[in-house]
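Notebook open. I want to go through the backbone first, then the contacts.

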Amino acid sequence: MRTICTRKEAITRIQAIIIVAVVVVAAVAGGIAWTFTTPPTPTTTSAAPKVEEVRIGILAPLTGAAAYFGDGMKAMSELLAKKINDEGGIKSLGGAKVRMIVADTEGKPDVGKTQARRLITENKVHLIIGALHSGVTLPAAQESERYGIPFICDASSHVDLTRQGFRWFFRTWGSDAIFARNYFECMKWMQNKTGIKIKTIAFISEESLFGVGVATEWEKLNVDPEMGGYKLVAYIRHPVSPTDLTSEAMTLKAANPDVVLSVQTPMPDAILWTKTLKAVDFFPKAFMTTAGFIFPEYVSSVGKDGEYIIGREGWSIDLTARKPIAKEINDLFKKEANRDMHVYTMQMHTTIVVARDALERAASVDPEKLRQALANTDIPGDKIIPPWKGVKFDNTGQNIYANNFMVQLYKGVYHAIWPEEIATIPLVYPAPTWKER
Amino acid sequence: MQLDLPIFLNLLLIGLFQGAIYSLISMGLTLIFGTMKIVNFAHGDFLMLSGYFVFWIWALFGVDPLLALPAVFLALFCIGYATERVLIKRVLGRPTHIQMLMTLGLSLIIQNSVIVLWKADPRFVHTSYADLRLELGAVAVPFPRLLSFVLAMLFALTLHLFLLKTTYGTAIRGTGQDQEAAHLMGINVNKIYSLSFGLGISCTAVAATLLSTYFPLSPFLGSSFMVITFIVIVLGGLGNYLGAFIAGLILGTIEIFTAYMLSSLLRQTIPLLIFILVLLLKPEGLFGRKLRR
């Protein structure tokens with residue numbers, strides 16, 4: 001190897017001095033910047049000044065592929081701020097007004113992190129709510145840990161979020177581990193209900209953090225004979241946004257499982273799966289899905305071909321008939337936004353209910369007092385829209401009552417089928433084959 | 001997975017059907033490159049835009065995609081022609097990175113304009129023949145895909161004849177071979193550039209129309225197809241439209257068999273592996289010999 005430096009290539013002494021000087025200046029400047037941006041440890045002030053305004057930072061994707069969801073989240077947060085203020089603000093704080101500061105994450109982790117920091121350091125928010133995508137929530141929550149500001153997570157479900165040992169993080173929504181369990185609980189119920197045994201199952205998952213995360217949980221659950229114990233006849237992992245799924249659908253058909261559990265996020269992928277399963281003439285006794293399969297645009301795209309698909313959901317318009325709070329908030333939202341809520345707007349409501357409750361009990365905007373109030377949260381089910389027993393956090397910050405329910409697409413509308421106490425239609429199982437329809 | 005004859009035939013047919021779409025998209029891209037020596041990174045977005053045209057003609061006027069094809073073809077030809085006149089012309093002969101920035105920028109503009117205009121919601125065209133299946137014994141193929149394949153073949157043949165037999169076709173090929181000589185022979189090279197770009201873009205119109213009969217549409221459609229398209233044109237020999245046609249069919253078939261026999265996750269891996277091997281061993285592409293001057 002030739003590594004000899006010629007005189008011409010080597011740096012001169014003056015250049016070396018300049019480089020060293022630049023490095024030293026940069027290091028000093030960096031150190032100063034760090035000192036100024038590193039938050040002081042939260043201190044409790046004995047004589048707190050009167051709080052005029054409570055600032056809540058909302059992290060939502062207002063642009064990018066998930067902008068459709070972010071729009072609803074923003075509208076809901078502003079609507080609820082107005083509602084709280086009209087009702088007299090935060091009473092324990094002498095009627096302090098609530099102000100929502102919505103920051104756009106663009107659905108990107110780095111942007112989410114920067115926005116979280118900006119909300120804390122520039123807007124001086126007392127609480128953060130967000131940030132829909134698990135990948136964005138994680139770095140954003142790290143910022144709130146660093147500065148010691150409570151973070152209430154709305155709808156990010158990745159299991160790792162509550163396994164970080166975060167002190168300031170509270171998740172009202174369930175984790176993928178909880179949701180994965182819901183499928184197996186529902187399968188057990190389906191068999192008891194109809195007497196038709198499920199022997200074989202198959203997983204189809206997109207190759208994403210979310211897809212593989214959920215499928216891994218399913219695998220674990222299926223090993224447990226109490227919970228699963230079904231014969232796994234196919235496990236298909238496919239890229240996100242494939243250009244064709246015929247081979248995958250043929251593999252599934254050849255394996256002929258009783259139940260297919262699927263996880264696909266983009267709606268076009270969900271549509272392609274549905275259409276391709278029809279093209280190869282295969283439909284399992286139960287096709288249990290999530291994400292891409294449970295939005296109105298999916299239904300309008302696949303039309304009747306979507307019938308009998310089962311989806312895991314946190315929101316259904318059926319809830320408005322069951323829970324007065326669901327009807328009240330949906331009506332309010334519809335009046336303002338001219339459309340029904342979706343699951344993420346619903347979750348914005350849940351988190352704001354939690355935030356308001358904690359603020360009232362803390363009677364302070366001191367971060368530590370707020371954190372303690374959040375940790376002691378115990379909100380009954382009738383105050384929130386999801387059909388849960390309520391909101392109560394365990395020591396990892398996970399809401400122990402969070403759950404999802406199952407809906408089935410029937411005559412063009414998703415109806416709740418499980419748990420039975422919230423069901424609005426009887427389950428169709430086994431689903432008719434394509435030829436029987 | 002085990003492979004019996006009916007499944008083999010089924011996979012082969014679907015592979016060819018899928019490949020025909022790749023061929024169509026790639027022929028347009030390679031035609032543009034062959035004539036103008038510019039890589040159009042916005043090609044996939046023109047495909048997506050064509051898809052939206054098909055969708056809106058269907059949604060607003062109830063016109064079947066295949067009947068709308070001539071209109072969409074013409075519209076995309078005009079858009080391609082104008083794009084060349086207004087934008088591409090300015091970067092021809094400039095350094096590659098300038099050309100890349102221009103077409104990548106164009107790609108972003110098209111994609112985001114579509115999102116602003118028509119939202120990111122997926123769309124699907126419903127046709128009366130969408131659910132028809134042709135069953136020959138144990139082999140069953142969806143009718144829309146068979147129809148797409150036949151029409152793709154017809155279009156490829158027409159394009160081939162156009163390039164081979166007509167004056168304009170000869171001029172396009174001539175310009176691709178030697179721009180200066182073409183100029184000296186009295187060919188209006190600038191006009192041929194616009195024509196080639198328009199024609200290349202209108203290939204995406206045909207592909208999108210055929211796709212729309214069974215594939216969902218979204219603003220991100222183009223990116224799904226672009227990776228494989230680039231592999232196809234390299235495999236076929238850059239600028240060689242016949243090579244791209246055959247390479248498209250081959251890669252489509254390989255992809256379908258890979259996904260069935262090995263894993264769906266290798267769908268893109270195996271073609272990419274082939275891509276690397278071709279670049280290493282035969283950089284002019286499998287069918288590149290003809291292009292050598």
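I am working on a predicted model, where local features need pLDDT of at least 70, side-chain atom pairs count only at pLDDT 80 or more, and totals for chains, interfaces and linings use all residues. Residues are numbered from 1 along each chain as its sequence is written, while chains are lettered from A and ligands numbered from 1 in the order in which they are written.

**Entry 1, cis bonds.** I looked up the peptide bond from Trp418(A) to Pro419(A) and found it cis, with omega near 0°. Pro419(A) sits in the segment after strand S14 (413–418) of chain A. Helices (H or I, at least four residues) and strands (E, at least two) are DSSP runs, numbered from the N terminus. Tyr429(A) and Pro430(A) are also joined by a cis peptide bond, with omega about -5°. I place Pro430(A) in the segment after S14 of chain A.

Leu132(A) is not a glycine, yet its phi is positive, about 65°. I find Leu132(A) in the loop between strand S3 (127–130) and helix H4 (134–147) of chain A. Is Leu132(A) buried or exposed? Leu132(A) is buried, with 24 other C-beta atoms within 10 Å. The cut-offs, with C-beta atoms placed from the backbone: buried at 20 or more other C-beta atoms within 10 Å, exposed at 12 or fewer, partly exposed in between.

Tyr308(A) has a positive phi near 75°. Its loop runs between helix H9 (296–302) and strand S10 (310–313) of chain A. Tyr308(A) is buried, with 20 other C-beta atoms within 10 Å.

I get 29 residues of chain A in contact (C-beta atoms, placed from the backbone, within 7 Å) with 30 residues of chain B. Elements of chain A that give two or more residues to this side include helix H2 (67–86), strand S7 (231–238) and helix H8 (267–279). The largest share, 7 residues, comes from H8(A).

The axes of helix H2 (residues 43–61) and helix H4 (residues 96–118) of chain B come within 9 Å and cross at roughly 25°. Axes are lines fitted to C-alpha atoms, for helices over the stretch in contact, and angles run from 0 to 180 degrees between N-to-C directions. H2(B) and H4(B) are therefore roughly parallel to each other. Angles under 35 degrees count as roughly parallel, over 145 as roughly antiparallel, 65 to 115 as roughly perpendicular and the rest as oblique. Among the contact residues I noted Met48(B) of H2(B) and Trp118(B) of H4(B).

Definitions and conventions
Contact = placed C-beta atoms within 7 Å.
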